[in-house]
Amino acid sequence: MQYYSTRGNTVRMSSSEAIVRGLAPDGGLFVPADKITAFDIAKLPNNSYQELANTIFKPFLSDYSDQEIEAAVHNAYNPRAFDHPEITPLHRIDKKKHILELWHGPTYAFKDIALQVLPHLLKTAMKKTGGDDEIVILTATSGDTGKSALEGFRDIPGIKIIVYFPEKGVSKIQKLQMVTQEGSNVSVAAVKGNFDDTQRGVKDIFNDDILRARLAARGYRLSSANSINWGRLLPQIVYYFWAYLSLINKKYINLGDAVNFTVPTGNFGNILAGYYAKCLGLPVNRLICASNQNNILTDFIKTGLYDSNRKLHLTLSPSMDILISSNLERLLFELTKHNAGKIADWMEGLKSMGYYRVDKPIMDEIQKLFYAGFANDINTVTTIKSVFDDYNYLTDTHTAVGLSVLNNYLSNNNDSCHNIILSTASPYKFASSVARALQKYSESDSELALLNLLASETGTKVPENLADLGTKEIRHKKVVTGDNMRNHLFETLSIN
Ligand SMILES: *Cc1c(COP(=O)(O)O)cnc(C)c1O
């Protein structure tokens with residue numbers, strides 16, 4: 001499989017080159033250039049997540065050897081990193097509702113699935129693409145990516161990682177997780193502003209040729225761990241298949257039965273992996289795109305107008321507080337049958353005017369497959385409480401957005417398919433919001449007290465790496481403005 005850009009499909013690159021670069025030179029995203037061949041689901045390995053991952057990775061990483069792929073998968077999905085042997089287990093809460101728990105990795109959010117394996121894929125890719133440049137991973141995070149990337153990349157030789165997070169856009173635990181990060185090759189800074197400001201700062205650095213040349217002269221090569229990297233997207237396709245195979249193994253469905261996936265969505269990366277899974281032959285009925293109060297995708301999927309000229313709300317599901325869903329570009333590229341010129345026009349419109357509108361035939365296709373809805377903070381909190389009361393199952397705020405939107409969908413549509421709800425974070429990670437939803441919150445409780453409270457409510461254990469957060473040393477105290485990110489980058493790399 002080769003890759004080219006969503007905004008100009010003349011230059012083809014290998015998978016390792018696409019993974020090292022992250023973003024295409026013309027500012028577009030890398031997508032498979034060759035036709036995608038469906039898997040024969042009956043023949044997919046169904047009793048080991050690792051074997052399934054190997055099988056799904058191989059056609060997409062055709063310039064990697066089988067051994068290289070297997071080593072990366074083995075180094076990522078193992079009992080040291082994941083506290084469940086199935087990596088992404090399914091938990092049934094109702095006859096036709098199954099929660100796919102994507103948070104059994106080291107930082108308790110679904111980003112770990114991709115970010116535990118990406119560093120290994122990248123390290124191998126660097127060897128293949130030659131040169132001994134040091135890779136500098138630059139990442140803007142709405143909370144979970146940052147910590148997950150820091151854990152994935154820490155102490156990996158030949159790679160440095162710098163994470164920027166919006167000063168006021170992440171939860172207390174998310175912030176603590178990042179500012180206490182250990183490792184010899186890591187740097188973390190808060191950025192004044194929201195996630196979009198932070199992401200824009202990072203994108204501007206990537207698009208600055210002069211700056212890149214200056215870094216190159218010092219032996220540094222920029223790359224990204226954001227969900228725009230193909231190496232982030234590919235690992236996420238695996239769990240869609242895993243969930244489906246689990247339903248077959250448990251005899252809830254038969255081979256070929258279509259299912260729905262509900263996905264709490266921000267940057268559109270997770271749900272896009274579901275779209276590619278469908279292209280790869282997975283029987284998907286609807287992909288349910290769940291947003292919080294930042295319902296730009298809901299509006300887009302209903303009207304065809306993507307309009308970012310609106311206020312960003314800070315919600316109880318901060319990892320979805322996003323107005324520019326970068327990965328949507330890939331969906332549009334696929335649906336326009338690889339019309340790079342059209343995509344470039346739309347993205348230019350988004351950049352210069354803040355909006356674009358897609359054609360009716362594209363809209364019709366989107367609406368056939370996707371359903372979109374949103375949940376505000378009140379819906380979110382009510383859902384956490386009612387799911388806990390009804391099913392004795394505690395969800396975090398992001399997953400609750402998904403469940404709330406799924407309930408709306410089911411009450412408006414006659415749909416008898418089984419539903420898989422992607423659970424993107426552990427409730428412990430958003431302890432204060434979850435405790436509030438359970439009406440057990442008290443202002444004077446410390447974070448640790450809240451974690452203990454959730455443990456006693458659910459009869460589960462406080463995750464190891466969260467229990468000791470309060471006592472860890474704060475190692476990263478820098479706060480920068482968007483304009484200052486370049487200086488911070490040079491300082492971190494000791495360039496003057
Ligand atoms: C990143 C994240 C999301 C959004 O995923 P996208 O791939 O950006 O759509 C949802 N929930 C949690 C907990 C996340 O960390």
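The tour starts at the ligand and then moves on to the pockets. Keep in mind that this is a predicted model.

**Stop 1: the ligand.** Click on the ligand, which sits in the largest cavity. Now show the residues around it: there are 15, and K111, D144, G266, N267 and T424 come nearest. By class, this shell has five nonpolar, eight polar and two charged residues.

**Stop 2: ligand oxygens.** Pick D144, where a polar side-chain atom lies 2.5 Å from an oxygen atom of the ligand. Next try G266: here a polar backbone atom is 2.8 Å from a ligand oxygen. At N267, a backbone N or O atom lies 2.7 Å from an oxygen atom of the ligand. How much of the ligand's own 380 Å² of accessible area does the protein cover? The answer is 98%.

**Stop 3: the largest pocket.** Select D83, H104, G105, Y108 and P463, which lie nearest the centre of this pocket among its 43 lining residues. The largest share, three residues, is from α6. The pocket's volume is about 1,100 Å³.

**Stop 4: the second largest pocket.** This one holds about 800 Å³ of space. Zoom in on K203, I324, M347, L350 and K351, the closest to its centre of the 30 residues lining it. Then highlight α8 (195–206), which supplies the largest share of the lining, six residues. The lining is made up of 12 nonpolar, eight polar and 10 charged residues.

How values were computed:
Residues numbered from 1 in each chain as written. Predicted model: local features only at pLDDT ≥ 70, side-chain atom pairs only at ≥ 80, totals over all residues. Heavy atoms only, no water. Near = heavy atom within 4 Å. Polar contact = N/O pair within 3.5 Å; in protein donor to acceptor, adjacent residues only side chain to side chain. Areas by Shrake-Rupley, 256 points an atom, 1.4 Å probe, with all protein chains shown as cover. 1 Å grid on protein atoms, 1.4 Å probe; cavity = no way out; pocket = protein on both sides within 12 Å on 5 of 7 lines; lining within 4 Å. Sits in = over half its atoms within 2 Å of the grid points. Nonpolar A, V, L, I, M, F, W, Y, C, P; charged D, E, K, R; others polar. Points joined across faces, edges and corners; volume = space filled by probe spheres on them. Helix = DSSP H or I, 4+ residues; strand = E, 2+ residues; numbered from the N terminus.
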